[in-house]
Structures are given as C-alpha cells and as structure tokens.
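Dear colleague,

I am passing on the structure we spoke about, and below it you will find my notes on what turned up. Please read them with the model open beside you.

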Amino acid sequence: MSEMDTIQMVDADGNVVDEKAVKSVSDELIHKMYRLMVFTRAWNAKALSLQRQGRLGTLASVRGQEAANVGMGMALEKGDWFCPAFREYGAQFARGVKPGVLYTYLGGDERGMKPPEDACILPICITVGSHLCHAAGIAFAAKARGEKVAVLSSSGDGSTSEGDFHESLNFAGVYKLPVVFAIQNNHWAISVPVEHQTATKTIAEKACAYGIGGYRVDGNDVFAVYLTVKRLLNEARSEYKPSLVELVTYRMDDHTTSDDASRYRTEEMLAPWRARDPIDRVRKYLVAKRGWDEQKDADLIAGCTEEVEQLVRDYEASPPPDPADMFNYQYFEEPWHLKEEREEVIRLLGESKR
Amino acid sequence: MARLSMIEAINAAFHEVMARDDRVLILGEDVGVDGGVFRATVGLIEKFGPMRVVDTPLAESSIVGTAIGMAINGMRPIAEIQFEGFMFKAFDQVYSHASRMRRRSQGVYGVPLVIRAPYGAGVRALEHHSDAPEAIFCHVPGLKVVIPSTPSDAKGLLISSIEDPDTVIFLEPKRLYRLFKEEVPDGDHRVPLGKARLVRKGDDITLITYGGMVQICERAADHVDNEGVQAEVIDLRTVWPFDIDAIIESVNKTGRLIIVHEAPRSFGVGAEIAALVAERCLLSLQAPIKRVTGYDIVPPLSKLEDYNYPDPERVIRAIHETMQF
C-alpha cells in the first residue's frame, strides 16, 4: 500500500477529485459538517486560551484534525456506538455531547464525564488503546443479540503499538464483529513520530494481519472521511465486516497544554500541513461550488465565537461539586467502608466551617 | 440436592443461570469445546452455542476488555482467566476500566462482570499456577473479591456474583476443586456477598480465614478443642468488602485473633483486618493479633511448597502462643 491508495475526494485546494462522491453529500449536510468543524476550532481555541489563564485544566488540542473528527462523528447513525480516545471533541459534539459539558470535564469537574444517556458513547479514554477492546465487546454483544448496529472506535497512531490494538482487531476479525477501528494518524505520539511507532509504510496495511478490511483516507478531507467511514459502518452493520481505517492528518499544536513540541519538531515540518488545513479546504470548495462567500463565512465564525463565549459564561457560573460527591458511583450500592469515609469527609467539612 | 464437588457446583451454577438469563455469557481460553481446563464449563457450548460460550483467542487483556464492552452493552459476561498467574495481562482493563467505568461515566455505565480464575497453591503445579493475589485486587477501588471454601458456597456465591451490578473477582481455590463433595442445593441458591460464614462457634479465640485455609483452620480448631480451647472459625467468603461486623463481634467476644491466609503476609488481607480490629476493639484484645500466612516470597515449586502453605500445625502453634500470652 502506498500514498497512491489514500482515498481523497476534495484536494487541499478545494478542487473536486471524486465528482460523484462529493455530489452525494447534500448542501445541508456539508454545511452542517463545515459549521461543526468551524465550531470545534473555535471551541478548541477558547479552551487553549482558558487553560493558559488557569481557568481550565490540561487540554489535548484538536486543531488540524477537525475533518477527521467531524467526518467520523457524523458518519454514525442512531443506535451506533462511539468509543473515543481524548482528541475527538468534534466527533463527540457530532454524537450529542454538549460542548459546555466538555468544558466542565476539562475544568476538573467529574459531572462533565457523564455521557448523554441515549447517545451510546463511552467517556473519553486516556489509557491509550484500551478502549478498542470495549468497542469489540460492545460489537460482540450487538451481534449476539442480532442487532443491526455498528461500533466505531477512535484512537491515535501511537495506540497501534499497544497490545490492546492487536488483541481487539484480532478478536474482531475472528468473530466478524460489526466494528470499525478508526486511527487518527496525526503523525505524533507526544514526541515520537509515527516512523518510530511502526516499520510499516501505512497503518491501514496492518489490517491484513487480522483478516479485516484496511483503508487509508486523507483525514483532512471531510468528504473522504465521512463517506468512507459511513460505508465501512454500513458494511459492519449489515454484513458484520470489521475494518481498520487510517485517517491521515496532523497534530498542529502541542500534544497537550503540558507539552512543548518545539523540543522535537520544527516549523518546516508544520508548513506543508498548514497548506492542507481541513477547514480552508472545505471553505474553498463551498465558495467555488455551493454558493458560499466571505460574508457568510465571517458570520459563521462570529456566531461560533459568541456561542463559545456563552458556554464559558455558563461553565464558570456553575457551582463547584459537593466534596462528598467524590464517593459517588464507586459501586452500585455503597459498601460500609465508603459510607464511613463519606461520613468522615462530611464531618470534617462541618467542623472546618465552624 | 445433589452431592457435588466444587468444580461440579460451579458448573451447575452456570447451567442454571445461563438457562434462565440469556444475558449471561462465558468467555475465555478453552471454555467451549474443551469445557475449560478444569471442566468448569463442560456441557455449556452444546446447550448455549458459541456466541454464549466463547472460545477466545489466547489474550487475557482482551478477554477482560471485550467483556467490559459486553457488560456495558447489556450482557452479563463471565470472563475466565485460565490461571490466577495470568490475570496480570488483564490488570490494566481491571484497574483502569472494570473497576471505575461506573465512576468514569457518572453512573451511566456499570460493569456487571465476573472475572473467574483458579486460585492458590497446594496442587504441585507449574510456575505461575500457585499464586494468591487477592490483596492486589482488594486494593483497587470499585472491585469486589470473593473466594469460596465449599461446593455449596461456590455455587451460591457465584450466582450472587453474576447477579451483582459491579465487577467481582471470583477466585476458586483449585486445591478444593475435587477435594470433597457435599450436598449442594438445586436451583436458585444464593449466598449473599459481604456476609461471612460462622464455620464453628467458640469463646476463646477467633480464627478469621477464607478459601483453602478454612479446612486448615477447622482441623486446628479440632485439635485444640481436645486441649480445652474453643476456637471460633469465621470464613469471610467475600474477602472485600468483608463482613466487618462479624469480625468485630467475634473479637469482642473472644479477645484473641488470628488471621489465616495463604497469600503473602505484608500488606495482605490480614493486615487490613488487624488494623481495623486495632481501630475498633483494641481494648477487647487480651493478646497481640497474629497472622499465619504464606511468606513474602514467590510461591515455591512443589519440593518446598508445603513449607510456605500454612498447615494446621502452624495454626495450632499460633493458637498456643496467643492463649499463653
């Protein structure tokens, strides 16, 4: 497999590569995806700014990966499951996670970890690659009950070195599970470049080892991401065909706000990827083909910025959690030792107020 | 009622629970056609098929990891790890997810999962086949740890564990699998989690134990009975969260306590019990608390196994020292 096999539908300059595919995406849908990409970038920029001011905790910036995020998130259907890692905010929003709730989480308030009850989405997963097993297990349960739903996991290029990546794809292949493993290959696992994660030329070709489908997609082309992931989810749902899909993208910021990428990568390495920006590409296409213009674009950005500002106001106005809440949800029914520890905290708080 | 060995009682529990609850499925290495290397799952794949009795690839992390996904998506999985020494390949899934998914999802997703493994020493086994790692799991917030000591309890505790909404580490003393048979109730037989069993009443000294050590303590208690010492033997059954009331009540009565387990001594279940007794009923004690345990070593191979595995003689010595203090 080579670069030639990478699926692309709109190129970096907004030119249509696959006319038929691009036309299959309605005006309503591409505007919705574009809006969500722009919103995700505004949300992310605000989060970085809040973090620098000490108003939010550590953040893994998603800038540069908006097409991969939004394309895969929008490809899911109602009833499908989504198992994210920690750089999928745009996909989470597409799945119904409230953007303000993610500020709550990143602000260190566990109430923000609660997924919407009917969205079939797992919480953010930080232990790299471990949630791929959960995706396979969720898919197994669905198949065992004869349900026609698909499961999508997302993780980074670094996760493909983990044992759980291998075990999950292997299990999915053996039991022909309705699951799609998306890999956002953003070229970096903190400081380690993808060339040091694997000696294979692509991540997609690893699928051969598990007897499942392997696909490589231009991850900065939202058309290609959306249409490919949607097709693979359909195949998973209707034919129990598992697959691995590599979304080739680039992490434009530091790994997290605690990282300093200038220690290991140069401006020259970033430059070609600036020219492949996923949002610029859609805007150029929309202007050329779907009646978009500068004024509409400026209005959209202003609208997203105002929406984000309102979310921040709401987030900062919400009262802090009750300290005793840290004992919640350890077990379904609280055992004696946790009752005692909870009471100890309540007692200490009462005494310190006196 | 039928007279069953522990392994037969476990098998009976599976047949009954799987017949009445189609959410229950078993997954692990060799659990299907082979019926499990100890035959715990024999006869199940014929009855319930390969999507409910799942022969997995040889990969412990994904046995537990996929079981977590199944549990989140409405199933009641039972994951078999072939031997306790192989559980650590799955430890990240246990520690990072099974035990904390309820918390991580703020109550939206529980993980009603039983992770079973043959446990402990005493069968002259290979390396990594004689360990007693229960304290490692007890230390993980959000887990329950259960170790049965009789066929009847094995069935009743297993059914309760399968029905429990949280993850249960269910460790089966492999030395007891076929050691003896007893009458095991048919049908729905539940032994509640968190409740200890009073094995033998006595006023002079309390022996707290579980699993393969229960019989050892009974034999020691028989011996000292001839000397006029009445030992009370308590089987924890649920090792964590254990039955604190049963422990404190007994120690308040007898004033003397020995904790017996085959697991290593330091930072073990005995240490936790001793600390709680010191906190709650120190003034009832008439002698220092003693622990009769495996030593803080890698379990020895067969030639030296018996020197590490507590026997009645070591328990009797500890009783004598405590009574004579």
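Where they meet, domain 1 of chain B contributes 21 residues to the contact and domain 2 of chain B contributes 20. On the domain 1 side of that contact, at least two residues each are supplied by helix H6 (134-138), strand E6 (144-146) and helix H7 (151-163) of chain B, and the make-up of that side by class is 11 nonpolar, 4 polar and 6 charged residues.

Please keep in mind that this is a predicted model, with an ipTM of 0.96 and a pTM of 0.97. For chain B, the mean pLDDT is 98, and 100% of the residues reach 70 or more.

Chain A is likewise assigned two domains, namely domain 1 (3-321) and domain 2 (322-354), and the centres of these domains of chain A, taken over C-alpha atoms, are separated by 38 Å.

As for how the two chains meet, the contact between them draws 33 residues from chain A and 36 residues from chain B. On the chain A side, H6, helix H7 (163-174) and helix H13 (336-353) each supply at least two residues, and among the contributors H6(A) gives the most, with 10 residues. Sorted by class, the side of chain A that touches chain B holds 18 nonpolar, 9 polar and 6 charged residues.

H6(A) covers residues 131-144, a run of 14 residues, and reaches 20 Å from its first C-alpha to its last, which is close to the 20 Å expected at 1.5 Å a residue. The helix is mostly covered, with 14 of its 14 residues buried. After H6(A) comes Gly146(A), whose phi is positive, near 75°.

With best wishes

Definitions and conventions. Residues are numbered from 1 along each chain as its sequence is written. Chains are lettered from A and ligands numbered from 1 in the order in which they are written. This is a predicted model: local features need pLDDT of at least 70, side-chain atom pairs count only at pLDDT 80 or more; totals for chains, interfaces and linings use all residues. Domain bounds come from an automatic or database domain assignment. pLDDT is the predictor's confidence in each residue, from 0 to 100. Two residues are in contact if their C-beta atoms, placed from the backbone, lie within 7 Å. Helices (H or I, at least four residues) and strands (E, at least two) are DSSP runs, numbered from the N terminus. Ala, Val, Leu, Ile, Met, Phe, Trp, Tyr, Cys and Pro count as nonpolar, Asp, Glu, Lys and Arg as charged, and the others, Gly among them, as polar. The expected span of a helix is 1.5 Å times one less than its number of residues. A residue is buried if 20 or more other C-beta atoms lie within 10 Å of its own, exposed if 12 or fewer, and partly exposed in between; C-beta atoms are placed from the backbone.
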